Every structure is written in structure tokens, then in C-alpha cells.
Amino acid sequence: MTPEKSKELALCISRKTFEENKDSVALSRMINTAASTALVPRGECEDVTKGWLQIIPYCVVFTKKGILIYKRSTAGSEDRLHDQYSIGVGGHIDAADCVTRDNTTCPFDSVIRAAVRELGEEVPAFLLHDGKRKASCSVIGPVGIVQLNESDVDKVHVGVILLVPTIGDVLSDGTEDCLADAKLVPFEKIEEEYGDKLETWSVETMKVLAEVFERDPIQDILKAAEESFSNVSAVDADTSK
């Protein structure tokens with residue numbers, strides 16, 4: 001990590017607080033409490049001994065054709081992820097993502113804003129082009145969390161799993177230029193076709209999705225999203241900043 005990168009701030013939660021609130025319902029409440037989170041220099045929160053977990057929105061984009069899956073680029077900074085496949089779009093929550101009210105950070109709103117920013121950066125079809133967009137989406141969740149301890153990198157990150165039901169051509173307008181080998185794969189075929197190629201966070205997320213989609217079938221979620229799309233305007237508002 002460069003000296004400049006080490007000074008950048010990321011929204012974190014203490015591991016102690018996380019361990020006390022592991023289930024997704026408790027996490028939802030927890031990240032709505034400003035006292036549970038803090039903006040911490042990347043150089044500090046990457047240090048396992050400091051006890052911080054960097055909060056990462058992990059967005060699962062899906063349409064009636066399937067789940068968006070893509071190949072991690074070798075140009076990325078995470079060597080361990082190179083050439084693995086992912087069903088999650090997301091990244092660190094930096095200071096510019098943070099939503100504040102009365103000079104207090106609102107963690108949950110910050111997670112959603114960061115998710116919207118990442119979606120706009122990685123899936124251009126969500127953005128307006130000449131007054132139109134090729135795909136519209138809602139952001140739903142969190143529906144679960146993912147936190148592993150298999151490596152030092154795992155030990156300093158926690159993923160907040162968000163559903164992104166989408167209507168339209170999500171693979172248009174350069175998405176494949178941003179996400180290598182991007183494609184839509186039916187949920188039930190992902191494990192069969194990519195099981196041994198999935199990054200560990202995606203493996204864990206698949207388990208969460210199996211439970212979610214058993215309760216609420218994908219088509220029902222898409223239908224409800226198409227009727228409402230209450231978060232669509234946020235894509236334009238937040239990614240334009």
C-alpha cells in the first residue's frame with residue numbers, strides 16, 4: 001500500500017462490536033448506530049492487530065436472465081482474487097461516501113451510497129446516457145453478511161450483502177469493459193458451472209442467497225422492484241458527486 005493510500009479513510013466497525021452482533025438483523029441495527037462505526041486510515045484498519053473490520057457493500061445484481069457474474073482482473077490489487085469469479089460488486093466506503101446528519105455519520109445510509117457509487121462505476125448501464133438508461137435497479141438489504149478469517153485480508157473486512165434486482169440490459173454500455181468476462185447465469189447453475197472458481201465471499205454469499213430465494217423467489221423480487229424502483233434516482237444523484 002502506498003503512503004497516500006494508507007492515509008485514505010475507510011468506514012469500519014470494531015471487531016469486538018461485530019462479534020457481539022453477528023447475525024444480519026443485528027448487523028442492520030448496528031450499522032444504523034453511528035457509535036458502532038468510525039472512519040479509520042487504511043494503513044491502520046489493514047493492520048489485523050488494530051481490531052477493525054472495513055465495511056464492504058457486496059452487491060448481487062440479477063435480472064430475469066440470471067445473476068451477474070464476472071472474472072476478477074489480474075490488474076486488481078488483491079493477488080488472491082486474480083482469475084477467480086465473483087457475484088458481488090462493491091468496494092470500500094470512503095469519506096466521500098459517508099452520509100452525515102447533524103455532524104454525525106449515518107452508517108447504513110453510507111453503505112447504500114457507496115453501493116450505488118460502485119454500481120455506477122462498474123455497471124455503466126445503470127447510468128443516464130442521453131437522458132436514458134439501459135437498465136434500472138433497486139438496492140435491497142442487507143440480507144446477510146460475510147466475514148471470514150482465512151487470511152489477513154479476510155480478517156480486516158466484513159461484507160454487507162445487498163440485492164440489486166434489475167430490469168433491462170445490464171450488460172450494455174461497457175459493463176463488459178469494466179467487469180471482465182461478465183455474464184448472466186441462472187442462480188441454480190452457478191455452483192455447477194463456477195463452484196471451484198468462485199472467490200470465497202461469493203461461495204458464502206451463495207449460501208445466503210439460497211435461503212433468501214427460497215423465501216422470496218427471484219421473480220417475485222424482480223416484479224416488486226419493477227413496480228417500485230424507489231432507489232433508481234439515487235444512482236444518478238450519488239454517482240454524479
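Two strands pair if DSSP finds at least two bridges between them. Helices (H or I, at least four residues) and strands (E, at least two) are themselves DSSP runs, numbered from the N terminus. Every view below comes from a predicted model, in which local features need pLDDT of at least 70, side-chain atom pairs count only at pLDDT 80 or more, and totals for chains, interfaces and linings use all residues. Residues are numbered from 1 along each chain as its sequence is written, and side-chain values use heavy atoms, with hydrogens and water left out.

**View 1. Strand β1 and its pairing partners, β2 and β3.**
Let's start with β1, residues 9-14. Alongside strand β2 (residues 37-41), β1 runs in the antiparallel sense over 5 bridges; here I13 has T37 of β2 as its bridge partner. With strand β3 (residues 52-63), β1 also pairs in the antiparallel sense, over 3 bridges, and S14 finds its bridge partner in W52 of β3. Because 5 of its 6 residues are buried, β1 is largely enclosed by the rest of the structure. Here, buried means under 20% relative accessible area, exposed means over 50%, and partly exposed lies in between (1.4 Å probe, protein chains only).

A salt bridge is a side-chain nitrogen of Lys or Arg within 4 Å of a carboxyl oxygen of Asp or Glu, and the structure holds 11 of them. An α-helix has 3.6 residues a turn, so residues three or four places apart point the same way. E19 is partly exposed at 36% relative accessible area, and R15 is partly exposed at 21%.

**View 2. Two further salt bridges, R42 with E46 and K183 with D181.**
The closest N and O atoms of R42 and E46 are 3.5 Å apart. For K183 and D181, the closest N and O atoms are 3.4 Å apart. K183 counts as partly exposed at 28% relative accessibility, and D181 is partly exposed at 36%.

**View 3. Helix α5, residues 107-122, and a salt-bridge network.**
Salt bridges link D97, R117, E118 and E121 in a network. The expected span of a helix is 1.5 Å times one less than its number of residues. For the 16 residues of α5 this gives 22 Å, and the end C-alpha atoms are 22 Å apart, which agrees. Since 13 of its 16 residues are buried, α5 is largely enclosed by the rest of the structure.

**View 4. The lining of the second largest pocket.**
On a 1 Å grid over the protein atoms alone, a pocket is an open set of points with protein on both sides within 12 Å along at least five of seven lines, and lining residues have an atom within 4 Å of a point. Of the 14 lining residues, T63, K64, T166, I167 and G168 lie nearest the centre of this pocket. The elements giving two or more residues to the lining are β10 (157-168) and α9 (218-228). The largest share, 4 residues, comes from α9.

How values were computed:
1 Å grid on protein atoms, 1.4 Å probe; cavity = no way out; pocket = protein on both sides within 12 Å on 5 of 7 lines; lining within 4 Å.
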